[in-house]
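Colleague: Hi! I'm new to this one, could you walk me through it?
Modeller: Happy to, let's bring it up.

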Amino acid sequence: MCRCLYPQLLGLILTGSGADQLALQWHSAPMTVGDGWAWLDGAVQPLSQARVPVTDRGFLLADSVFDTVRTYAGQPFLLGDHLDRLRSSAETLWIDVPWSDQELETVVDALLQRAGDSTAWLLRLVVSRGDGGHGLALPEPQAPRLVVLCRPVPDLPGHLYSAGVGVGRARRKTVEGRSVPAHIKSGAYLAHVLALREAQAAGAYEALLPGPDQSWSEATTSNLFLVAGGALHTPGVQHDILPGVTRALVIAVAGEAGIPVVERPLFDSDLNAAHEVFLTSSVKEVLPVVSIDSVPVGAGVPGPITQQLRRLFREATEQLTQSGTRRLVERYGG
Ligand SMILES: Cc1ncc(COP(=O)(O)O)c(C=O)c1O
(Lines give C-alpha, C1' and ligand atoms only; values in the text may rest on other atoms or scores of the structure.)
Protein backbone atom coordinates (compact mmCIF):
# COMPACT_ATOMS: atom_id res chain seq x y z
CA MET A 1 0.00 0.00 0.00
CA CYS A 2 1.25 3.42 -0.84
CA ARG A 3 2.79 5.55 1.89
CA CYS A 4 2.52 9.07 0.67
CA LEU A 5 1.93 12.51 2.10
CA TYR A 6 -1.04 14.59 1.04
CA PRO A 7 -0.26 18.04 2.40
CA GLN A 8 -3.73 19.46 1.97
CA LEU A 9 -5.86 16.38 2.31
CA LEU A 10 -9.47 17.18 3.10
CA GLY A 11 -10.87 15.44 6.17
CA LEU A 12 -14.56 14.65 6.25
CA ILE A 13 -15.99 15.40 9.65
CA LEU A 14 -19.25 14.07 10.94
CA THR A 15 -19.97 15.54 14.37
CA GLY A 16 -22.09 14.35 17.30
CA SER A 17 -23.61 10.92 17.70
CA GLY A 18 -26.56 9.14 16.17
CA ALA A 19 -28.48 11.15 13.60
CA ASP A 20 -26.43 14.28 14.39
CA GLN A 21 -23.44 12.60 12.84
CA LEU A 22 -24.62 13.39 9.37
CA ALA A 23 -23.76 17.05 9.84
CA LEU A 24 -20.87 17.14 7.38
CA GLN A 25 -17.94 19.47 7.74
CA TRP A 26 -14.68 19.60 5.88
CA HIS A 27 -11.35 20.59 7.23
CA SER A 28 -7.94 20.69 5.70
CA ALA A 29 -4.98 19.27 7.55
CA PRO A 30 -1.75 17.56 6.65
CA MET A 31 -2.33 13.84 6.83
CA THR A 32 -0.04 10.92 6.34
CA VAL A 33 -1.46 7.91 4.57
CA GLY A 34 -0.08 5.10 6.68
CA ASP A 35 -1.59 1.65 6.80
CA GLY A 36 -5.11 2.86 6.22
CA TRP A 37 -7.84 5.13 7.52
CA ALA A 38 -10.16 5.33 10.47
CA TRP A 39 -13.48 7.01 11.08
CA LEU A 40 -13.61 8.15 14.68
CA ASP A 41 -15.44 10.92 16.52
CA GLY A 42 -16.96 12.08 13.29
CA ALA A 43 -13.80 12.36 11.21
CA VAL A 44 -11.91 10.36 8.62
CA GLN A 45 -8.33 10.30 9.81
CA PRO A 46 -5.15 8.41 9.04
CA LEU A 47 -5.18 5.15 10.99
CA SER A 48 -1.88 6.03 12.64
CA GLN A 49 -3.44 9.14 14.21
CA ALA A 50 -6.75 7.69 15.40
CA ARG A 51 -7.04 7.47 19.22
CA VAL A 52 -9.75 6.08 21.48
CA PRO A 53 -9.89 7.40 25.09
CA VAL A 54 -8.48 5.04 27.73
CA THR A 55 -11.85 5.23 29.51
CA ASP A 56 -13.62 3.51 26.62
CA ARG A 57 -15.32 0.34 27.86
CA GLY A 58 -14.27 -1.47 24.71
CA PHE A 59 -10.66 -0.96 25.81
CA LEU A 60 -11.27 -1.61 29.52
CA LEU A 61 -13.75 -4.49 29.35
CA ALA A 62 -13.96 -5.68 25.73
CA ASP A 63 -17.44 -4.17 26.03
CA SER A 64 -17.92 -3.81 22.30
CA VAL A 65 -19.08 -5.54 19.14
CA PHE A 66 -17.67 -5.40 15.65
CA ASP A 67 -18.06 -6.70 12.16
CA THR A 68 -15.62 -6.99 9.31
CA VAL A 69 -16.54 -6.41 5.70
CA ARG A 70 -14.21 -6.45 2.71
CA THR A 71 -14.35 -4.71 -0.63
CA TYR A 72 -14.35 -6.15 -4.11
CA ALA A 73 -13.84 -3.66 -6.95
CA GLY A 74 -14.07 -0.81 -4.46
CA GLN A 75 -17.52 -1.87 -3.17
CA PRO A 76 -18.20 -3.18 0.35
CA PHE A 77 -19.26 -6.80 -0.18
CA LEU A 78 -22.68 -7.75 1.21
CA LEU A 79 -22.60 -4.76 3.56
CA GLY A 80 -26.25 -5.26 4.49
CA ASP A 81 -25.56 -8.76 5.86
CA HIS A 82 -22.63 -7.46 7.91
CA LEU A 83 -24.68 -4.56 9.31
CA ASP A 84 -27.45 -7.01 10.25
CA ARG A 85 -24.93 -9.17 12.10
CA LEU A 86 -23.43 -6.12 13.84
CA ARG A 87 -26.88 -5.10 15.05
CA SER A 88 -27.73 -8.61 16.17
CA SER A 89 -24.45 -8.86 18.15
CA ALA A 90 -25.09 -5.46 19.75
CA GLU A 91 -28.69 -6.24 20.59
CA THR A 92 -27.71 -9.43 22.40
CA LEU A 93 -25.26 -7.44 24.54
CA TRP A 94 -27.65 -4.48 25.09
CA ILE A 95 -25.31 -2.13 23.26
CA ASP A 96 -27.19 0.71 21.58
CA VAL A 97 -26.60 1.21 17.85
CA PRO A 98 -28.30 4.56 17.24
CA TRP A 99 -27.08 4.87 13.64
CA SER A 100 -29.28 3.85 10.74
CA ASP A 101 -27.93 1.59 7.98
CA GLN A 102 -27.89 4.62 5.73
CA GLU A 103 -25.75 6.56 8.21
CA LEU A 104 -23.33 3.68 8.59
CA GLU A 105 -23.13 3.33 4.82
CA THR A 106 -22.34 7.05 4.56
CA VAL A 107 -19.41 6.51 6.90
CA VAL A 108 -18.19 3.49 4.92
CA ASP A 109 -18.52 5.45 1.68
CA ALA A 110 -16.58 8.40 3.14
CA LEU A 111 -13.75 6.05 4.13
CA LEU A 112 -13.68 4.27 0.79
CA GLN A 113 -13.76 7.54 -1.09
CA ARG A 114 -10.68 8.59 0.85
CA ALA A 115 -8.99 5.22 0.57
CA GLY A 116 -9.52 4.81 -3.18
CA ASP A 117 -10.14 1.55 -4.99
CA SER A 118 -6.60 0.60 -5.97
CA THR A 119 -6.54 -1.84 -3.04
CA ALA A 120 -9.00 -4.32 -1.57
CA TRP A 121 -9.98 -2.89 1.83
CA LEU A 122 -11.07 -4.54 5.03
CA LEU A 123 -13.49 -2.39 6.99
CA ARG A 124 -13.90 -3.16 10.66
CA LEU A 125 -16.96 -1.49 12.14
CA VAL A 126 -16.62 -1.34 15.92
CA VAL A 127 -19.35 -0.17 18.29
CA SER A 128 -18.18 0.09 21.89
CA ARG A 129 -20.51 0.88 24.76
CA GLY A 130 -18.50 4.08 25.10
CA ASP A 131 -17.47 5.56 28.44
CA GLY A 132 -19.08 5.53 31.86
CA GLY A 133 -20.98 3.31 34.24
CA HIS A 134 -19.90 2.52 37.79
CA GLY A 135 -17.47 -0.37 37.54
CA LEU A 136 -19.16 -3.00 35.45
CA ALA A 137 -22.63 -1.46 35.63
CA LEU A 138 -23.97 -0.25 32.31
CA PRO A 139 -23.88 3.52 31.78
CA GLU A 140 -27.28 5.19 31.72
CA PRO A 141 -27.82 6.56 29.19
CA GLN A 142 -25.37 4.83 26.91
CA ALA A 143 -23.21 6.91 24.60
CA PRO A 144 -21.86 4.26 22.25
CA ARG A 145 -18.73 5.00 20.26
CA LEU A 146 -18.44 4.13 16.58
CA VAL A 147 -15.03 3.46 15.11
CA VAL A 148 -14.54 2.17 11.58
CA LEU A 149 -11.09 0.97 10.55
CA CYS A 150 -10.21 0.71 6.89
CA ARG A 151 -7.10 -1.34 6.22
CA PRO A 152 -5.85 -3.33 3.22
CA VAL A 153 -7.15 -6.89 3.07
CA PRO A 154 -4.19 -9.07 4.13
CA ASP A 155 -2.58 -10.44 1.01
CA LEU A 156 -2.66 -14.21 1.51
CA PRO A 157 0.05 -15.80 -0.61
CA GLY A 158 -1.18 -17.95 -3.50
CA HIS A 159 0.58 -21.05 -2.23
CA LEU A 160 -1.81 -21.20 0.73
CA TYR A 161 -4.56 -21.89 -1.80
CA SER A 162 -2.58 -24.12 -4.18
CA ALA A 163 -0.94 -26.21 -1.43
CA GLY A 164 -3.48 -25.78 1.39
CA VAL A 165 -2.82 -25.10 5.08
CA GLY A 166 -2.55 -27.10 8.28
CA VAL A 167 -4.81 -26.50 11.28
CA GLY A 168 -4.52 -27.60 14.90
CA ARG A 169 -7.30 -28.48 17.31
CA ALA A 170 -7.27 -26.00 20.21
CA ARG A 171 -6.97 -27.51 23.68
CA ARG A 172 -10.40 -27.27 25.24
CA LYS A 173 -8.82 -25.66 28.28
CA THR A 174 -7.46 -22.76 26.20
CA VAL A 175 -10.86 -21.68 25.02
CA GLU A 176 -12.87 -22.26 28.19
CA GLY A 177 -12.72 -18.49 28.59
CA ARG A 178 -15.02 -17.89 25.59
CA SER A 179 -17.19 -15.61 27.69
CA VAL A 180 -19.62 -14.54 24.99
CA PRO A 181 -21.76 -16.88 22.85
CA ALA A 182 -20.07 -17.73 19.57
CA HIS A 183 -22.78 -16.22 17.38
CA ILE A 184 -21.90 -12.74 18.71
CA LYS A 185 -18.94 -10.90 17.26
CA SER A 186 -17.89 -9.11 20.44
CA GLY A 187 -14.53 -7.55 21.19
CA ALA A 188 -13.75 -10.49 23.53
CA TYR A 189 -11.45 -12.49 21.23
CA LEU A 190 -8.78 -13.44 23.76
CA ALA A 191 -9.64 -17.15 23.72
CA HIS A 192 -9.30 -17.06 19.91
CA VAL A 193 -6.00 -15.18 20.19
CA LEU A 194 -4.60 -17.83 22.54
CA ALA A 195 -5.88 -20.74 20.47
CA LEU A 196 -4.30 -19.26 17.35
CA ARG A 197 -1.02 -18.66 19.14
CA GLU A 198 -0.92 -22.27 20.32
CA ALA A 199 -1.72 -23.61 16.86
CA GLN A 200 0.86 -21.40 15.18
CA ALA A 201 3.49 -22.37 17.75
CA ALA A 202 2.86 -25.97 16.66
CA GLY A 203 3.36 -24.98 13.00
CA ALA A 204 -0.32 -24.78 12.00
CA TYR A 205 -1.97 -21.90 10.18
CA GLU A 206 -5.29 -21.82 12.05
CA ALA A 207 -6.85 -23.37 15.14
CA LEU A 208 -10.11 -25.27 15.38
CA LEU A 209 -12.31 -24.28 18.31
CA PRO A 210 -14.40 -26.74 20.28
CA GLY A 211 -18.16 -26.67 20.02
CA PRO A 212 -20.81 -28.46 22.07
CA ASP A 213 -20.54 -32.14 23.04
CA GLN A 214 -16.88 -32.61 22.09
CA SER A 215 -17.52 -31.39 18.55
CA TRP A 216 -15.44 -28.85 16.55
CA SER A 217 -17.34 -25.76 15.61
CA GLU A 218 -15.21 -23.32 13.63
CA ALA A 219 -11.75 -21.78 13.53
CA THR A 220 -10.54 -18.62 15.28
CA THR A 221 -11.63 -16.30 12.46
CA SER A 222 -13.27 -18.66 9.97
CA ASN A 223 -15.97 -21.28 9.54
CA LEU A 224 -15.29 -24.97 9.08
CA PHE A 225 -16.47 -27.29 6.29
CA LEU A 226 -15.61 -30.84 5.37
CA VAL A 227 -16.41 -32.98 2.36
CA ALA A 228 -17.47 -36.59 2.85
CA GLY A 229 -19.42 -38.85 0.51
CA GLY A 230 -19.70 -36.06 -2.06
CA ALA A 231 -21.59 -33.80 0.40
CA LEU A 232 -20.55 -30.71 2.36
CA HIS A 233 -20.83 -30.95 6.14
CA THR A 234 -20.61 -27.91 8.39
CA PRO A 235 -21.79 -27.09 11.91
CA GLY A 236 -25.18 -25.37 11.98
CA VAL A 237 -25.73 -21.90 13.38
CA GLN A 238 -26.92 -23.48 16.64
CA HIS A 239 -23.57 -25.30 17.10
CA ASP A 240 -21.44 -22.49 18.60
CA ILE A 241 -20.42 -20.76 15.41
CA LEU A 242 -20.37 -17.23 14.14
CA PRO A 243 -22.85 -17.29 11.24
CA GLY A 244 -20.28 -16.34 8.62
CA VAL A 245 -21.40 -14.36 5.58
CA THR A 246 -18.88 -16.30 3.47
CA ARG A 247 -20.21 -19.57 4.91
CA ALA A 248 -23.73 -18.59 3.85
CA LEU A 249 -22.57 -17.76 0.32
CA VAL A 250 -20.63 -21.03 0.03
CA ILE A 251 -23.74 -22.95 1.12
CA ALA A 252 -25.77 -21.05 -1.50
CA VAL A 253 -23.37 -21.68 -4.39
CA ALA A 254 -22.98 -25.34 -3.36
CA GLY A 255 -26.77 -25.69 -3.45
CA GLU A 256 -26.90 -24.19 -6.95
CA ALA A 257 -24.14 -26.57 -8.08
CA GLY A 258 -26.12 -29.54 -6.79
CA ILE A 259 -23.68 -30.33 -3.97
CA PRO A 260 -25.68 -31.50 -0.93
CA VAL A 261 -25.06 -29.53 2.28
CA VAL A 262 -25.58 -31.11 5.70
CA GLU A 263 -25.52 -28.83 8.75
CA ARG A 264 -24.52 -30.87 11.80
CA PRO A 265 -21.88 -30.96 14.56
CA LEU A 266 -18.48 -32.27 13.44
CA PHE A 267 -16.63 -34.66 15.73
CA ASP A 268 -13.08 -36.04 15.73
CA SER A 269 -14.31 -39.11 13.86
CA ASP A 270 -15.76 -36.86 11.11
CA LEU A 271 -12.56 -34.86 10.76
CA ASN A 272 -10.46 -38.04 10.71
CA ALA A 273 -12.60 -39.56 7.93
CA ALA A 274 -13.01 -36.36 5.84
CA HIS A 275 -11.93 -36.41 2.20
CA GLU A 276 -11.53 -32.65 2.14
CA VAL A 277 -11.64 -29.83 4.69
CA PHE A 278 -11.74 -26.09 4.11
CA LEU A 279 -12.23 -22.82 5.99
CA THR A 280 -14.25 -19.79 4.93
CA SER A 281 -14.11 -16.12 5.85
CA SER A 282 -14.30 -12.70 4.23
CA VAL A 283 -10.50 -12.55 4.25
CA LYS A 284 -9.65 -16.19 3.48
CA GLU A 285 -12.60 -16.78 1.12
CA VAL A 286 -12.38 -20.59 0.57
CA LEU A 287 -9.10 -21.89 2.00
CA PRO A 288 -8.19 -25.59 1.65
CA VAL A 289 -7.01 -27.43 4.78
CA VAL A 290 -4.67 -30.32 4.02
CA SER A 291 -3.71 -31.43 7.53
CA ILE A 292 -5.16 -31.44 11.03
CA ASP A 293 -2.65 -31.72 13.86
CA SER A 294 -0.08 -32.64 11.21
CA VAL A 295 -2.14 -35.64 10.00
CA PRO A 296 -3.06 -35.34 6.29
CA VAL A 297 -6.69 -34.78 5.34
CA GLY A 298 -7.59 -37.24 2.56
CA ALA A 299 -4.83 -37.21 -0.03
CA GLY A 300 -3.11 -34.27 1.73
CA VAL A 301 -3.75 -31.86 -1.15
CA PRO A 302 -6.61 -29.43 -1.86
CA GLY A 303 -9.54 -31.54 -3.02
CA PRO A 304 -11.68 -31.16 -6.16
CA ILE A 305 -14.86 -30.03 -4.41
CA THR A 306 -12.96 -27.40 -2.43
CA GLN A 307 -11.41 -26.11 -5.65
CA GLN A 308 -14.77 -26.12 -7.43
CA LEU A 309 -16.35 -24.17 -4.56
CA ARG A 310 -13.50 -21.69 -4.49
CA ARG A 311 -14.07 -21.05 -8.21
CA LEU A 312 -17.84 -20.76 -7.81
CA PHE A 313 -17.42 -18.51 -4.79
CA ARG A 314 -15.17 -16.13 -6.74
CA GLU A 315 -17.61 -16.02 -9.65
CA ALA A 316 -20.43 -15.26 -7.21
CA THR A 317 -18.46 -12.40 -5.62
CA GLU A 318 -18.04 -10.85 -9.08
CA GLN A 319 -21.72 -11.21 -9.98
CA LEU A 320 -22.96 -9.94 -6.61
CA THR A 321 -20.58 -6.98 -6.75
CA GLN A 322 -21.67 -6.10 -10.28
CA SER A 323 -25.34 -6.28 -9.35
CA GLY A 324 -24.79 -4.20 -6.18
CA THR A 325 -26.37 -6.92 -4.01
CA ARG A 326 -26.29 -5.91 -0.34
CA ARG A 327 -27.79 -9.01 1.23
CA LEU A 328 -27.61 -12.64 0.13
CA VAL A 329 -31.34 -13.00 0.55
CA GLU A 330 -31.83 -10.62 -2.42
CA ARG A 331 -30.14 -13.14 -4.72
CA TYR A 332 -30.71 -16.52 -3.08
CA GLY A 333 -33.90 -15.99 -1.06
CA GLY A 334 -34.40 -16.74 2.62
C1 LIG B 1 -15.06 -16.71 14.86
C2 LIG B 1 -15.32 -16.42 13.41
N3 LIG B 1 -15.95 -17.35 12.66
C4 LIG B 1 -16.20 -17.14 11.36
C5 LIG B 1 -15.80 -15.97 10.72
C6 LIG B 1 -16.09 -15.78 9.24
O7 LIG B 1 -17.08 -14.81 9.06
P8 LIG B 1 -17.27 -14.06 7.65
O9 LIG B 1 -17.39 -15.12 6.61
O10 LIG B 1 -18.54 -13.30 7.82
O11 LIG B 1 -16.07 -13.21 7.45
C12 LIG B 1 -15.14 -14.99 11.46
C13 LIG B 1 -14.73 -13.75 10.80
O14 LIG B 1 -14.05 -12.94 11.32
C15 LIG B 1 -14.89 -15.22 12.84
O16 LIG B 1 -14.28 -14.30 13.59
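Colleague: Which residues in the largest nonpolar core touch the most other members?
Modeller: Leu111, Val148, Val167 and Ala207 do, in a core of 71 residues. That core takes at least three residues from each of domain 1 (5–152) and domain 2 (158–332), with bounds from an automatic or database domain assignment. A nonpolar core here is a set of buried Ala, Val, Leu, Ile, Met, Phe, Trp, Tyr and Cys residues joined through C-beta atoms within 7 Å. Buried means 20 or more other C-beta atoms within 10 Å of the residue's own, exposed means 12 or fewer, and partly exposed is in between, with C-beta atoms placed from the backbone.

Colleague: Before we go on, what sort of model is this?
Modeller: This is a predicted model: local features need pLDDT of at least 70, side-chain atom pairs count only at pLDDT 80 or more, and totals for chains, interfaces and linings use all residues. Residues are numbered from 1 along each chain as its sequence is written.

Colleague: Thanks. How many helices and strands are in the protein chain?
Modeller: The protein chain has nine helices and 19 strands. These are DSSP runs numbered from the N terminus, helices being H or I of at least four residues and strands E of at least two. Of the 334 residues in the chain, 40% are buried.

Colleague: Back to Ala207: what is it in contact with, leaving aside neighbours within four places in sequence?
Modeller: Its contacts include Val167, Gly168, Ala170, Ala195 and Leu196. Contact means C-beta atoms, placed from the backbone, within 7 Å.

Colleague: What do β5 and β6 form?
Modeller: They form a hairpin with two residues between them, and Asp41 in the turn has a positive phi of about 50°. The bridge partner of Trp37 in β6 is Pro46.

Colleague: Switching topic, which residues are closest to the ligand?
Modeller: Leu242, Gly244, Val245, Thr246 and Ser282 are the closest of the 13 residues that surround the ligand.

Colleague: How does the shell split by class?
Modeller: There are two nonpolar, nine polar and two charged residues. Ala, Val, Leu, Ile, Met, Phe, Trp, Tyr, Cys and Pro count as nonpolar, Asp, Glu, Lys and Arg as charged, and the others, Gly among them, as polar.

Colleague: Last one: is Gln214 buried or exposed?
Modeller: Gln214 counts as exposed, because it has 10 C-beta neighbours inside 10 Å. Gln214 is found in the loop between β12 (206–210) and β13 (216–219), and has a positive phi of about 65° although it is not a glycine.

Conventions
Contact = placed C-beta atoms within 7 Å. Near = placed C-beta within 6 Å. Pairing = 2+ DSSP bridges.
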